[in-house]
Amino acid sequence: MSRLFRLFPCCLLLAACLPLTGCPKAGPSVACVDVERVMTQSKAARQANEHLGKVQAVLQDSLTAYQKELQKNPSGRRQQELQQGTAVLQRQLALEQAAARNVVTRHMLAAIEKWRAGKGGTVVIARQSLLAAPDSADISDDIIAGMDAGSVAFPDLPRINLRAGSGAAPAPRK
């Protein structure tokens with residue numbers, strides 16, 4: 001019992017000092033971005049879609065030329081080579097889509113960092129990762145406006161060289 005009586009004055013002293021410590025510091029503010037909206041409504045996203053349309057046209061032209069070249073081959077191997085060539089073109093399209101998305105994503109992240117520069121310790125989270133947030137926390141419009149003010153550059157269009165019997169492969173980029 002005597003230990004309890006020795007600790008009691010210390011507890012009272014600590015309780016008396018708590019109001020003197022002031023308010024605890026507020027944590028960083030939080031903002032959110034609707035990434036899906038940015039990736040569909042920004043100028044960079046529209047440019048990516050235009051670029052991918054051009055890529056698809058190049059790939060379709062390559063496939064058409066390859067099909068004409070395959071007409072000269074015996075029909076037994078023709079189907080197999082056509083499937084291999086189509087698979088190469090599909091892989092190339094997937095690479096081009098990933099590259100275009102990467103360009104837009106980097107542009108979005110740069111716009112977010114530019115927005116954050118004047119906001120101190122603001123944390124920006126994808127709205128898709130939040131369970132609930134007030135509309136005032138959504139900065140998607142600001143990010144889209146920041147992205148639209150800048151410009152993006154996409155890789156050159158691919159050069160595809162499909163040859164019957166020699167294995168299908170895209171030509172190297174410059």
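Asp135 is exposed, at a relative accessible area of 66%; exposed means over 50% relative accessible area, buried under 20%, and partly exposed in between, with a 1.4 Å probe and protein chains only. The model is predicted, so local features need pLDDT of at least 70 and side-chain atom pairs count only at pLDDT 80 or more, while totals for chains, interfaces and linings use all residues. Residues are numbered from 1 along each chain as its sequence is written, and side-chain values use heavy atoms, with hydrogens and water left out.

**Salt bridges**

The structure holds 4 salt bridges. The term stands for a side-chain nitrogen of Lys or Arg within 4 Å of a carboxyl oxygen of Asp or Glu.

| Pair | Closest N to O distance |
|---|---|
| Glu113 and Arg116 | 3.2 Å |
| Arg127 and Asp135 | 3.7 Å |

Asp138 and Arg127 are 11 residues apart, and each is placed in the loop between β2 (123-126) and α5. Helices (H or I, at least four residues) and strands (E, at least two) are DSSP runs, numbered from the N terminus. Through shared partners, salt bridges join Arg127, Asp135 and Asp138 into one network. Arg127 counts as partly exposed because its relative accessibility is 24%. Asp138 is also partly exposed, with a relative accessibility of 24%.

The pair Glu113 and Arg116 belongs to helix α4 (residues 75-117), where the two residues are 3 residues apart, about one turn of the helix. Glu113 has 46% relative accessibility and therefore counts as partly exposed. Arg116 falls into the partly exposed class at 26%.

Ile143 is found in helix α5, which spans residues 140-149. With a relative accessible area of 1%, Ile143 is buried. Leaving aside residues up to four places away in sequence, Ile143 touches Val33, Met108, Ala111, Ile112 and Trp115; a contact means heavy atoms within 4.5 Å. His107 is 36 residues from Ile143 along the chain, and the C-alpha atoms of these two residues are separated by 9.9 Å.
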